[in-house]
Amino acid sequence: MMIFLRSAARCCAVSLSLATLCFPLARADVVWPAADSLVPKDAVIEARAAALLERLTLEQKVAQMVQPDIRYITPDQVKKYRIGSILNGGGAFPGENKHAAVAEWVALADSFYDASMDTTSGAPAIPIIWGTDAVHGHNNVFGATLFPHNVGLGAANDPDLMERIGRATAAEVAATGIDWTFAPTVAVVRDVRWGRAYEGYSQQPEIVYALAGRMVQGLQGVPAGPEFLDTSHIVATAKHFIGDGGTYNGIDRGDTRVSEADLLAVHGQGYISAVHAGVQTVMVSYNSWQGVKMHGQYHLITEVLKGSLGFDGLVVSDWDAIDEVQSCAKDRCSQAINAGIDLFMVPDQWRTFIDNTVEQVRNGDIPEARIDDAVTRILRVKLRDGLFEKGRPSSRPLANRVDVIGAPEHRAVAREAVRKSLVLLKNDHGLLPLKPHMNVLVAGDGADSISKQTGGWTLTWQGTQNTNADFPGATSIYEGIRQVVTAAGGTVVLSEQGNYRTKPNVAIVVFGENPYAEWHGDIRYIDFRAADTSSEIDVLRPLPESPDRGAWLQPRGPGRGPAMPDPAAAAANEPDVKLLQKLRRSGIPVVAVFLNGRPRAITPELEASDAFVVAWLPGSEGEGVADVLFRKAGGSVNYDFTGKLSYAWPRGGEHGAPGDQSGSVAPLFPYGFGLTYCNRHCDAPLSRNLWQTKPLLTSQNMPASR
C-alpha cells in the first residue's frame, strides 16, 4: 500500500571533519513503513558471510567495497588487490569495440572471475560481481533487444508487460556473463526539463509504485521461488535514492527542496515497491536533499532505507559521486561510508581509494564495524545470487548463447511494448487508422533513424555516434511502415525532406528530440527545440561529450538566463514545422509521429498535423508503430491506442517555461489523457480545434474509426 504522510521540516547542525552542515535529520512525525521484503534472511547465508568476513584483512575488506570500470582495471589487478566488483560504464566494451561479440563479453567476464577466485595468495575465493547499465534492454551490447525507455513504459502502464521485459533483459545480460544491472530507475519526475526525465515512468508515484516491483521481479525472479536469482536472472538495482526526479528547476544533480513527508509520499514509493519485491541493491543519487548531497545523508541511507524500510542488500554509489560530497574527493570519503554506502563506484582512482579508506579506518575516522557491515551486505548479495555456485560465466546455461541476444521472442515483447506505449493526442476526422493499400510518403529525420528512436544509453553513453548499421535485427519506423504497406499492395516513398513525384494519399512525418543522457539533456525551456534555437551556450551543461565524465558545469548566476524569443515563433522556422506545413498546404493528410524523452510544447506541430502520435523513445522495434497506425488489409482495426500520458503535457510559451508537473498551471493535455480509435462515442468525430480550446478527458471526444 502506498503511504502518504505529512511532516514539518526541522534541521539540526552536525559537525563533519572539515565543515559544519545543516543536515535534515529524522522527523518524529514522519514514519517510513517497513517494506517487508519478500526475501527473508537465510541463516546459512548469514553464517557463510560471517565466516568469509573473518578471513579477510582490512585491505581485502575495503577491496570488496570498490567497483572499478573495466577500462581502468585488469584481471591481474583484481587478483592482486582482491577486488569485489567491476562495471562497464556507458560506452565501455571489451577491447573498446562497440561491436564486440557475445563471446568477447563472456571471455572478459571469465578472466575477471578467474582472477577473483585465485587463492594462490592465501586469500579466500570470493567471486567478483559485474554491473552494467542495462536500462532498456541490454543496451550496451551489439544486436541486443532495445525496449522503449521508461517514459514510454509509464504510458503503457502494464505491470505484467514490465515483468516480461525484465525477464527478457535478464536473459540477454546473462548470455554475456554479466551478473547485475543498474535498473530500474524509480524516479518520480516533477520537472521534465531534467535531462534524465525519460528514465522515469511518471510524474506521479502511483505508476512508479505499480511498475517498479514488477520490473525487479522480472529481472531477479520471484522471491522464494526456484527461479529467484537463478542462472537466467540477474541482480537488480532501484535507483537513484532519493529525490533525483524532484530537483529544483529540473537540474541534474541539483537540490531537491521538499519535506521528508514529500520524499516519502512522492519520491519514496518506488523504493517501497522495489524493496518489497526483493531488490538486492539500491544506488544512491547525485542530487542533494535540502542542500546536503545524498551520498552523505546518514539519516536517509542508514536510518530510513536500511532501518525503517528494512533493506538488507547492498547500497552502491553512483559514478564518482562521492567527489561531490563536501570535503570529499573521488578517492576518499569517510562521510559517504559512515552514511551507509557499501560499494563505491570509483572507476579509475580505486587504488588510492583503498589506501585512503584503510588509513581512515586506522585513524578512527571510519569504524571498522561499518566496514564489516558493508562487506557483509556485499557478501550476502553475492551468496543470494549464487555466485559461489554458478561457476565461471562461460559455464552457465545461457552463456555464449548468441540466439538469446535479440531473440525473436524478446523482440516480440519489445514490439508489444511499443504498441502499448503510443499515445494519440489528435486525430482529426478519424484519419487514423490508415488503410495499408495506399501511396504513403514517410518523411522526417526520425523516420529511418534507429539511433533517434532508441535515444540515450544506447551503445554509447549519450546514444550518439550510432547509425542503423549499429543495430542488427532492429527495425526503423519507416521499415515497419514499408513492410505493412507493401504487404497490402500499397507503395511507400521515403524522403526525409518530404519530396515526391506522385502525390501521396497520406504523409507520415517522424521527428523529435536527438539522443542525450544525464546532464547533457538538461534544458531551460520546455518548448520543443527552444533551447536548440538559442544562440547562447546552455550553462547547465558541460561541453558536449566532455572527455571528463565527471565534469559538472554549474550555472552562472542565480537565474536561468535571459528571456528567449517567442518559442512558437522560433519553432515555426524549424525544418519539422516547415515540412508539416508544406505537406498540409499541398492537400496531403499529415500524421505526425513525435520521438521524445519527455513532454515538450509542440503547439505549432499540432496545428500543422491532422493526427499526432507520441511515440516516446520506442527502441529497436519500430514495427510497433506501424502496427497501430494501419488497419489490417481487410479493413478492421489492427491494434488500438491504449497508451495514456503518465506526464501532463505542457502548453508551451509562458505556460511551458516552468516545466514542472506540480499542476500549478493547467496543461494542454492532462495526466492520463490518450485518445483511442473507438469507444462508446465512436460516432462522434473529434473537432479539429477542440484540443486548443479546453482540456480533454480521456472518456470524451474520442475520434471515430473510419
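How many bridges join β3 to strand β4 (residues 129–132), and in which sense do the two strands run? The first legend answers this for the predicted model, and the others follow in turn.

**View 1. The three-stranded sheet β3-β4-β5 of the predicted model**. Strands β3 and β4 run parallel and are joined by four bridges. Within this pair, Asn88 is placed opposite Thr132 of β4. The sheet is open, has the strand order β3-β4-β5 and is paired in parallel fashion. Its edges are formed by β3 (85–88) and β5 (180–181); each has a single partner strand, so one side of each is left without a neighbour in the sheet.

**View 2. The six-stranded sheet**. Six strands make up an open sheet with the order β12-β17-β16-β15-β13-β14, and the pairing is mixed. The edge positions are taken by β12 (423–427) and β14 (491–494), each with a single partner strand, so one side of each lacks a neighbour in the sheet. On average, and with direction ignored, neighbouring strands of this sheet are turned by 20° against each other. Helix α17 (residues 477–487) packs on the sheet and touches β13 (439–443), β14, β15 and β16. The direction of α17 makes about 160° with that of β14.

View 3. Strands pair through backbone hydrogen bonds, in either a parallel or an antiparallel sense. Six bridges connect strand β15 (residues 506–512) with strand β16 (residues 590–595), and this pair is parallel. Phe511 has Phe594 of β16 as its bridge partner. β16 is also joined to β17, by five bridges, and these strands run parallel. Here the bridge partner of Leu595 is Trp616 in β17. β12 and β17, in contrast, pair in the antiparallel sense, over four bridges. Val423 has Val614 of β17 as its bridge partner.

**View 4. Burial of strand β17**. Six of the six residues of β17 (residues 611–616) are buried, so the strand is largely enclosed by the rest of the structure. In a regular strand, side chains alternate between the two faces of the sheet. From β17, Ala611, Val613 and Ala615 point one way. Phe612, Val614 and Trp616 point the other way. Residues of both sets are buried.

**View 5. The crossing of helices α1 and α13**. The axes of α1 (residues 43–54) and α13 (residues 368–384) come within 9 Å and cross at roughly 130°. The two helices are therefore oblique to each other. The crossing of α1 past α13 is right-handed. On the α1 side, the contact involves Ile45, Glu46, Arg48, Ala49, Leu52 and Leu53. These residues meet Asp372, Val375, Thr376, Leu379, Arg380, Leu383 and Arg384 in α13.

**View 6. The disulfide between Cys328 and Cys333**. One disulfide is found in a search of the whole structure. It joins Cys328 to Cys333, with an S to S distance of 2.1 Å. The torsion about the S-S bond of these two residues is about 70°, so the disulfide is right-handed. Cys328 counts as buried at 13% relative accessibility. Cys333 also counts as buried, at 1% relative accessibility.

**View 7. Two cis peptide bonds, one at Lys239 and His240** **and one at Phe241 and Ile242**. Most peptide bonds are trans. Lys239 and His240 are joined by a cis peptide bond with omega of about 0°. His240 lies in strand β6 (residues 237–241). The peptide bond between Phe241 and Ile242 is cis as well, with omega of about 0°. Ile242 is located in the loop between β6 and β7 (255–256).

**View 8. Positive phi at Asn249** **and at Trp457**. Most residues other than glycine have a negative phi. Asn249, which is not a glycine, has a positive phi of about 60°. Asn249 is part of the loop between β6 and β7, and is buried with a relative accessible area of 18%. Trp457, also not a glycine, has a positive phi of about 55°. Trp457 lies in the loop between α16 (450–454) and α17. With 7% relative accessibility, Trp457 counts as buried.

Technical notes. Residues numbered from 1 in each chain as written. Predicted model: local features only at pLDDT ≥ 70, side-chain atom pairs only at ≥ 80, totals over all residues. Heavy atoms only, no water. Disulfide = S-S within 2.5 Å. Buried < 20%, exposed > 50% of the residue type's maximum accessible area, 1.4 Å probe, protein only. Pairing = 2+ DSSP bridges. Axes fitted to C-alpha atoms, helices over the stretch in contact; angles between N-to-C directions. Contact = heavy atoms within 4.5 Å. Parallel < 35°, antiparallel > 145°, perpendicular 65-115°, else oblique. Left-handed = near helix turned anticlockwise from the far one by under 90°.
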